[in-house]
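Hi everyone, thanks for coming. I'd like to walk you through one model today, so please have a look at the screen.

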Number of protein chains: 2
Amino acid sequence: MSGFREKLLAASRRNDSLLCIGLDVDPRRVPPGLLESPGWIEAFNRGIVEATSDLVCAYKPNLAFYEALGLDGWEGLRRTLAAIPRDIPVIADAKRGDIGSTSEAYARALFEVLGFDATTLTPYVGLDGLEPFLRYDDRGLLILCKTSNPGSGDFQDLAVEWRGQRMPLYQAVAQRVVEWNGHRSGQCGLVVGATYPSQLKEIRALAPDLPILIPGVGAQSRSLEEAVRLGADQRGELAIVNVSRSIIYAGGGTDWQQAVRAEALRTVERMRLSLPGRGAS
Amino acid sequence: MSGFREKLLAASRRNDSLLCIGLDVDPRRVPPGLLESPGWIEAFNRGIVEATSDLVCAYKPNLAFYEALGLDGWEGLRRTLAAIPRDIPVIADAKRGDIGSTSEAYARALFEVLGFDATTLTPYVGLDGLEPFLRYDDRGLLILCKTSNPGSGDFQDLAVEWRGQRMPLYQAVAQRVVEWNGHRSGQCGLVVGATYPSQLKEIRALAPDLPILIPGVGAQSRSLEEAVRLGADQRGELAIVNVSRSIIYAGGGTDWQQAVRAEALRTVERMRLSLPGRGAS
């Protein structure tokens, strides 16, 4: 059975891309005209997927944006998943993290009811809380390590003692997940914000073989190139660099799909040029 | 405007109760006959609420169980909320924890779309990620501190250095939330598992004025009495002791509502007797 990691690598190689597009629907920002149809969520996402499915390694709907739209959001999310080609992995940005039978129910919701290939998870509860997700052995678990927000240091940067060594909490999380992954079939990955490049570099060194999902790339900033350069593994793979708004809301007219494609192409070209041996140095 | 804390205290005093009933719907366990109706989620929960609304301080649906039922689950959750009397606070056990615009969307989903009075949140991302929830100043935030699962020590028990002192991470979380709450209008509380009584005692000492949601009470164990004794504040209030399955699945026949009421009553009586000055010593 092919798992999340294999599906990710296959899509990434086929499309020569480390770009993940975040499908964060916002009724205030979709192109004019779309909102009038009751199926606007699916129509918008389907338009993005049609324009970009040869340019990405993954798609990532953030569940919060769908939950905020109530029942229409959930129905739109279900239909969006059906519209994505099966050979492109789809990551639920759900940041779930609960225990026991509750985690079982979340895993069932995300992997069976909705059919995602992977989900983001938060580690605070401890790894036994994440076990029910692991039981779906063809699915991926991307665990928050160092998040992109300004306040991520509140707890993640606290100095902890772990196996007799002093390190920031996020490093202990990374090492624990690497170990845990070693005992399993390679289902785990980490989430590290592009806003913390030196931490991204450290975490890649601690987890040389894990997929790293990298959110927080600013539309205009240098962070895109850094995310690729510091986040990819030694073969220039296994970074999943997420870009949402600057691509999905690139167009405001009737030709919005062309604008989305053009921006996705520009983004993926910049990313390709950032990899060692690929750019102009 | 009356907030979550006031609503909680009012319900708790009116019903002389620290009991929160967890509405964790499971199609495999609901009484026979109910499942045949398409509105079974609402019917089951409404039956519980009718049988117990004079015995509780709060209700707590765990969102995972509804998400696992797909669209029917979300519709059932919406209708369940409408069936709960407005003077009893309803806590979303959602354990959300994300950043920026995503947290805004989760807060909108939970507080506006669904209309919960409070939600559980996970602190790993840092407190700025929880800010969007605080903006709803009549709603409560219950932040995971020490969870009830066997593996909760993986990260929560790591020794951290915080303000020059060494302490387990969960204590740093408790102190940080107490400070944060001090700057606000008293919207915050903590979540501490009944399975860790000595930690519950420590955390109550660190947070004398905060509501503490206490899950993990075993149906037959001594933990119910301990949860009340160690979790309540000095006035015997502000503990929200959650019990789910042993109450909501107490009955298997057509008289299931009577069985639910009887078990809830037994539970709340045991809790009343556990408070200092109320029991037989």
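Leaving aside its neighbours within four places in sequence, which residues is Glu42(A) in contact with? They are Arg79(A) and Thr80(A), where contact means heavy atoms within 4.5 Å.

Before I go on, some housekeeping. This is a predicted model, where local features need pLDDT of at least 70, side-chain atom pairs count only at pLDDT 80 or more, and totals for chains, interfaces and linings use all residues. Residues are numbered from 1 along each chain as its sequence is written, chains are lettered from A and ligands numbered from 1 in the order in which they are written, and side-chain values use heavy atoms, with hydrogens and water left out.

Back to Glu42(A): it sits in helix α2, residues 40-52 of chain A; helices here are DSSP runs of H or I with at least four residues, numbered from the N terminus. With 16% relative accessibility, Glu42(A) counts as buried, that is, under 20% relative accessible area with a 1.4 Å probe, protein chains only.

Beyond four places in sequence, Ile203(A) touches several residues, including Cys145(A), Tyr170(A) and Ile212(A).

Finally, α9(A), residues 197-206, packs with α10(A), residues 223-231, at about 20°, their axes 9 Å apart. So α9(A) is roughly parallel to α10(A), the term for angles under 35 degrees. On the α9(A) side, Pro197(A), Leu200(A), Lys201(A) and Arg204(A) make the contact; α10(A) brings Glu226(A), Ala227(A), Leu230(A) and Gly231(A).

Key. Axes are lines fitted to C-alpha atoms, for helices over the stretch in contact, and angles run from 0 to 180 degrees between N-to-C directions. Helices (H or I, at least four residues) and strands (E, at least two) are DSSP runs, numbered from the N terminus. Angles under 35 degrees count as roughly parallel, over 145 as roughly antiparallel, 65 to 115 as roughly perpendicular and the rest as oblique. Buried means under 20% relative accessible area, exposed over 50%, partly exposed in between (1.4 Å probe, protein chains only).
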